[in-house]
Amino acid sequence: MDSNSRFLLINFRKYYKENRVILPDRFTRREFGFMFFDKTFVQRHLSFPNQREIDRYMESQVPAHSYYSTSYYRKPDAPTMEEKGWLGAELIFDLDADHLENADKMTFTEMLDQIKREMIHLLDSFIFGDLGIPEKNVEITFSGGRGYHAHVKLPEAMGIGSHERREIADYITSTGLNMDWVFPYERVATGSGTAAQGRVSSSKHRLIPPADSGGWRLRMRDGLKDVVNDICDMDVKEIKKRYPSTKKNQSLEKIQADLRLSRNVIFNNNKMATLKPNTQDLLIKIMSEDMIKELSGEVDVPVTTDIKRIIRLPGSVHGKTGLRVTPLTRDQLNDFDPMEMAVPQSYSDKEILVTMKKDTDIWIKGEHFKLSGSEMVPEYAAVFLVGRKLADVGEGVKKDSFF
């Protein structure tokens, strides 16, 4: 075992001597799994009869990563999935910052801030909103790494299969949403005479979902209102910056004038009949290419559809950050700062020498560190830096100076 792994193992052992993991409900029906600093294998198919036994395990084995099954089993410690006897599973929504657009250009703090906003949107707009799941039936957890989990524990959700879970994920992510379903065409007869006389013609315009719609129709109606107001109130340069799909449009000034005349009328009548065809087309283009991304929720689809998943154990610490897997309420999520509130108190302020692998700028426990080369940092910062593979510990010092 190298010095970095040993440093993390010793700090994790100190943590588990002072802290207990948080067992899920009906934990004797759950499978547990672990990865280690000093072993190359993953240990799964474990179960624990009580808190004392798992506390003893955590302190003696000191796992780098700790998991439990979101499923319930008759025999959770059986060696194969077939023998376990599946009884049901929580509905899981997992958000991780590595799925964010341009995540590779963000700092760690920026990723955490953005993924928290995504989780708040997922919870408020979809889980508590469209799906109508009571807050008391949803457990929220910071993963200890770069994301959050939401566990839906409604009894009605426990038995649904992978196909139904995928439909829920597709709904949240707007997969397969058809603009012609949301904003269908209405045809109107024009001209005079009869069909036999050959003088009957028709025109068509888009309909807008009424205010008493639900689900995606209501979401798109409200989004369209925002788009119309923006186009009416912004200058052309701002519009093109706000809505990238308009950048090549050569008629924005005329479309803007058209919308200003009908801004209220189209929503009072729930139809775009007073708008020119190219104005209608641009609105649909903006809704399908720009707004749908903002209105959709973010979920890791394979996690949501998996009915035999293992997930981070609350109260454990994450082997790649040293941060605590932290349960939260919805209200606590608003002001939650992982780099302050998920840093275990068991990590001391003792100064540790680290050698940076690259220049790093981080905030942790309210302190700002701009690091390069060899630096002395508090132990709590060293655990994070070594876990993230941003630094090596103990370069140029004897082992017993930190062990």
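Strands β13 (residues 351-356) and β16 (residues 374-378) are paired in the antiparallel sense through five bridges; strands here are DSSP runs of E with at least two residues, numbered from the N terminus, and two strands count as paired if DSSP finds at least two bridges between them. Within this pair, valine 354 lies opposite glutamate 375 of β16. Strand β13 is also joined to β17 (residues 391-393), again running antiparallel, by three bridges. Here methionine 356 has alanine 391 of β17 as its bridge partner.

The model is predicted, with local features requiring pLDDT of at least 70 and side-chain atom pairs counted only at pLDDT 80 or more, while totals for chains, interfaces and linings use all residues. Residues are numbered from 1 along each chain as its sequence is written, and side-chain values use heavy atoms, with hydrogens and water left out. The chain has a mean pLDDT (the predictor's confidence in each residue, from 0 to 100) of 93, and 95% of its residues reach 70 or more. Residues 396-403 fall below 50, and in the model this stretch makes eleven contacts (heavy atoms within 4.5 Å) beyond near neighbours in sequence. Where pLDDT is low, the predicted coordinates should not be read in detail.

Strands β6 and β8 are linked by six bridges and run antiparallel, with aspartate 94 opposite histidine 149 in β8.

The largest pocket holds about 580 Å³ of space. On a 1 Å grid over the protein atoms alone, a pocket is an open set of points where a 1.4 Å probe fits, with protein on both sides within 12 Å along at least five of seven lines; lining residues have an atom within 4 Å of a point. Of the 28 lining residues, those closest to the pocket centre are Tyr67, Asp94, Asp96, Arg312 and His318. Strands β3 (63-69), β6 (91-96), β8 (147-152) and β11 (310-312) each supply at least two lining residues.

Notes: Grid points are joined across faces, edges and corners, and a volume is the space filled by probe spheres set on the points. Helices (H or I, at least four residues) and strands (E, at least two) are DSSP runs, numbered from the N terminus.
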